[in-house]
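I opened this structure to take notes on a few side chains and how they are held. My entries follow in the order I looked things up.

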Amino acid sequence: MSKVYIIHENSEWTIHLTKRLEELGVPFEEWHLDEGQLDLSKEPPLGIFYSRMSASSHTRGHRFAPEYTAQVLAWLEANGRKVFNGSRALELEVSKVKQYLELTKRGVRTPRTIATVGKKQLLEAAKGFEGKSFITKHNRAGKGLGVQLFQSIEALESYVEGPSFEEPVDGVTLIQEYIQSPESYITRCEFVGGEFVYAVRVDTSEGFELCPADACQIGDLFCPVGEEVEEKPKFQVIEGFNDPIIEKYKRVLEANNIHVAGIEFIRNEAGEIYTYDINTNTNYNSDAEAKAGKFGMLELATLLGEELAAEYGAVTR
């Protein structure tokens, strides 16, 4: 029987999707690819495949999950299976450098960024930002990994040479201009099936690690999910959001065969938009969605069910 196959390495981030698929009566199977084996002489099963592989998998002990998933996706695509967020999406998920190159190519403004390998090169690159605030981040990140704000090269040197320095899993550290916003928030635009679903305003006053997933633990630095609800919520769906940037984002996603993503931007004091992240393993905040009456995982489950029916005919669990 054909079904929807969900490729991932973290069940806590997938349970909301599987619940929606169950509600809709869509048959599915999870492929947890933290390890496995792949027989290239065999054909994949019939079905629709959706990858939720994450750049931050190594923080959960799944160091080679993206590398293994890349081989599985290539196998699926070589055998003509329909894959949502396939090889190209994963390629961008694990490389902010490639994200920025694609955004720039499509006319989307990104912060000035230098990619470095090695502490010496990181400190050397920082000289290009002398007199200005800048941040560091990991090229292969997720969850805001490695994001640190610095006001001087001396502060960066103290961090790099100190015990708290975080080595990036792929060896590439980015140094990036700091975009000063008049208000402490960023905007995240959610897309399903390549179409805009909603934008969410995310409060950044407590820091940079702002995973919206309900599964985020309180122990994660700066992660607000799971805390008591405040008068000013961390995540708010923006009613009636409409900006020309949406059409540019849609072109970026289409050009890279990305079907599901959250794209984040910040406005500077002049109101100019700087885009800094494409998250192809997007999560949604249930409190914000409930207040707005919009549900990303329901949209996604509906899309997958419709595609399964279109490809293989009506199916039920």
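**Entry 1: around Arg52**

I listed the contacts of Arg52 beyond four places in sequence: Ile6, Ile7, His8, Trp13, Thr14, Leu17, Asn281, Thr282, Asn283 and Met297. Contact here means heavy atoms within 4.5 Å.

I noted the ground rules next. This is a predicted model, with residues numbered from 1 along each chain as its sequence is written. Local features need pLDDT of at least 70, side-chain atom pairs count only at pLDDT 80 or more, totals for chains, interfaces and linings use all residues, and side-chain values use heavy atoms, with hydrogens and water left out.

Back to Arg52. I placed Arg52 in the loop between β3 (47–51) and α2 (65–78). Helices (H or I, at least four residues) and strands (E, at least two) are DSSP runs, numbered from the N terminus.

Which side chain of opposite charge is nearest to Arg52? I found Glu30, 8.6 Å away. Arg52 is buried yet has no salt bridge. Buried means under 20% relative accessible area, exposed over 50%, and partly exposed in between (1.4 Å probe, protein chains only). A salt bridge is a side-chain nitrogen of Lys or Arg within 4 Å of a carboxyl oxygen of Asp or Glu. For charge, Lys and Arg count as positive and Asp and Glu as negative; His and the chain ends are not counted.

I did find polar partners. The side chains of Arg52 and Tyr50 make a polar contact of 3.3 Å. A polar atom of the Arg52 side chain also lies 3.1 Å from the backbone oxygen of Thr282. A polar contact is a pair of N or O atoms within 3.5 Å; within protein, one must be able to donate a hydrogen and the other to accept it, and residues adjacent in sequence count only if both atoms are side-chain atoms.

**Entry 2: salt bridges**

I searched the whole structure and got 22 salt bridges.

I looked at Glu91 and Lys98 first. Their side chains meet at 2.9 Å, N to O. Glu91 is partly exposed at 32% relative accessible area, and Lys98 is partly exposed at 33%.

Lys105 and Glu102 came next, with closest N and O atoms 3.0 Å apart. They sit three residues apart in helix α4 (residues 96–105), so about one helical turn separates them.

Then I took Lys234 and Asp203, which form a salt bridge of 3.7 Å, N to O. Lys234 is in the loop between β10 (195–203) and β11 (235–238) and Asp203 is in strand β10, so the pair ties together parts 31 residues apart in sequence. Lys234 is buried at 9%, and Asp203 is buried at 7%.

I also traced shared partners. Salt bridges join Arg88, Glu91, Lys98, Glu102, Lys105 and Arg106 into one network.

**Entry 3: aromatic rings**

I counted twelve aromatic pairs in the whole structure. Phe129 and Phe134 form a tilted one, 6.0 Å centre to centre with 45° between the planes. Rings of Phe, Tyr and Trp (its six-membered ring) pair if their centres lie within 6.5 Å; planes under 30 degrees apart count as stacked, over 60 as edge-to-face and the rest as tilted. Both Phe129 and Phe134 are buried. Ring pairs link Phe129, Phe134, Phe150, Tyr159 and Phe165 into a cluster.

**Entry 4: confidence**

I checked pLDDT, the predictor's confidence in each residue, from 0 to 100. The chain mean is 91, and 91% of residues reach 70 or more. Residues 209–230 stay under 50.
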